[in-house]
Amino acid sequence: MDTIIGNDIDQAKQHLLNGEPVAIPTETVYGLAANAMNEKAVLKIFEVKNRPTFNPLIIHCSSWANAQLYVKNVPVKAIYLAEKFTPGPLTFLLDKQNNISDLVTAGSNKVAVRIPKHPLTLALLQSIDFPLAAPSANPFGYISPTTANHVLQHLAGKIPYILDGGPADVGLESTIIGFDAQNRVLLYRSGGISLEAIEKVLQEKVIIVKNQPIENPATPGQLTSHYAPLTPLYNGDVKELLKRWKDKRVASISFSTQFDEIPVGNQFILSPNRLLPEAAAKLFAVLRSIDQLEVDVILAEVFPAEGLGRAINDRLNRAGAKHQ
Ligand code: TXA
Ligand code: MG
């Protein structure tokens with residue numbers, strides 16, 4: 001199959017109507033989208049990504065109002081947050097209506113929904129009468145794509161169309177929240193909307209869900225080793241780590257620090273002015289480009305644990321989880 005890259009919403013729509021998956025741009029990362037109401041089409045997502053079917057998919061809707069067709073018992077707090085942050089990088093885990101298949105939710109009675117903030121994808125969603133189930137458009141376990149070319153690198157020949165909406169603005173996946181029986185807010189994945197921003201809107205603390213049980217994780221995609229480059233990555237104090245890797249070819253990822261011990265071409269400074277959104281937007285592209293370099297190891301700094309820094313640290317932790 002030839003994979004075409006373009007910005008023609010009608011072509012993307014035709015493939016979706018034919019039950020084919022297409023890659024779509026979002027403000028977070030590129031998604032691999034299919035008609036969420038068509039099980040055969042949804043199955044193709046799992047095949048293309050090599051993703052186990054126990055890992056459920058987010059459904060993407062054109063608006064919060066439209067999303068109400070697929071969810072029920074929506075807590076008032078979700079409505080407040082939706083008013084503030086949708087369209088945008090916030091995913092809500094809510095009770096599903098019967099029209100959403102078990103394949104999409106991996107058998108759970110909850111479905112993850114989000115309204116992506118990208119003009120092309122919003123226009124596409126407005127032109128169809130079904131939501132799009134879409135995980136990130138990377139092979140299972142690898143780094144999420146933030147450009148159309150990243151998608152092409154791994155999915156060429158496997159999907160007919162990549163809707164090219166330019167590089168992703170946010171560059172990290174959406175924040176995933178849910179609600180417990182007392183309607184407290186649970187944070188399952190840090191991402192494009194910070195914990196602090198959510199707490200500010202609700203004027204209450206959010207509960208960070210850590211160490212989900214492997215046998216039965218609440219969000220099955222949050223297993224430790226994930227978003228991983230092929231090159232081994234260690235996350236911590238780079239100067240300390242360097243002592244261990246003295247005689248090896250090293251690449252570094254830092255917020256703004258330079259390291260005299262590492263060749264300049266192997267140093268990836270994500271934001272010289274220490275702006276977390278800029279660092280977040282560059283992270284995945286940098287991990288991919290380091291995978292193209294001939295280095296033995298990636299040493300990555302710990303970022304400030306605030307705002308998008310939490311999501312950056314989370315991804316670096318997972319990227320390194322295989323090796324520590
Ligand atoms: O920013 C994003 O969220 C991107 C773009 C494409 O929208 N999507 C994305 O999807 O990151 P994915 O599949 O790579 O990650 C979704 C996460 C996984 O950890 C999955 O287990 C969890 O959400 N998830 C999805 N549906 C769920 C459900 N019904 N219950 C629990 N967890 C769910
Ligand atoms: Mg993913």
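Helices and strands here are DSSP runs, numbered from the N terminus, and two strands pair if DSSP finds at least two bridges between them. With that in hand, let us look at some close-ups of this predicted model.

**Figure 1. Leu 233 faces a partner in the neighbouring strand.** Find Leu 233 and look across to strand S16: the residue standing opposite is Ile 298. The two strands involved, S13 and S16 (residues 297-300), pair in the parallel sense over three bridges. In general, strands of a sheet pair through backbone hydrogen bonds, either parallel or antiparallel.

**Figure 2. Four strands make an open sheet.** Now step back from that pair. The strands follow the order S13-S16-S14-S15, and their pairing is parallel. Which strands form the edges? They are S13 (233-235) and S15 (267-269), each of which pairs on one side only. On average, neighbouring strands in this sheet are turned by 15° against each other, with direction ignored.

Figure 3. Helix H11 (residues 308-320) lies across S13 and S16, and runs at about 135° to S13.

**Figure 4. Trp 64 and Phe 92 form a tilted aromatic pair.** The model has three aromatic pairs, and here is one of them: the ring centres of Trp 64 and Phe 92 are 4.9 Å apart, with 55° between the planes. This pair links distant parts of the chain, as Trp 64 belongs to helix H3 (residues 64-67) and Phe 92 to strand S6 (residues 90-96), 28 residues apart. Are these two residues buried or exposed? Both Trp 64 and Phe 92 are buried.

Figure 5. Tyr 234 and Trp 245 form another tilted pair, 5.3 Å from centre to centre and with 40° between the planes. Tyr 234 sits in strand S13, while Trp 245 is in the loop between helix H9 (238-244) and S14, 11 residues apart. Why does Tyr 234 count as buried? Its relative accessible area is 11%, and buried means under 20%. Trp 245, at 15% relative accessibility, is buried too. Look as well for Arg 244, whose charged end sits over the ring of Tyr 234, 5.1 Å from the ring centre.

Terms used: Residues numbered from 1 in each chain as written. Chains lettered and ligands numbered in written order. Predicted model: local features only at pLDDT ≥ 70, side-chain atom pairs only at ≥ 80, totals over all residues. Heavy atoms only, no water. Axes fitted to C-alpha atoms, helices over the stretch in contact; angles between N-to-C directions. Contact = heavy atoms within 4.5 Å. Phe/Tyr/Trp six-rings, centres within 6.5 Å; stacked < 30°, edge-to-face > 60°. Buried < 20%, exposed > 50% of the residue type's maximum accessible area, 1.4 Å probe, protein only. Lys NZ or Arg CZ within 6 Å of the ring centre and 35° of its normal.
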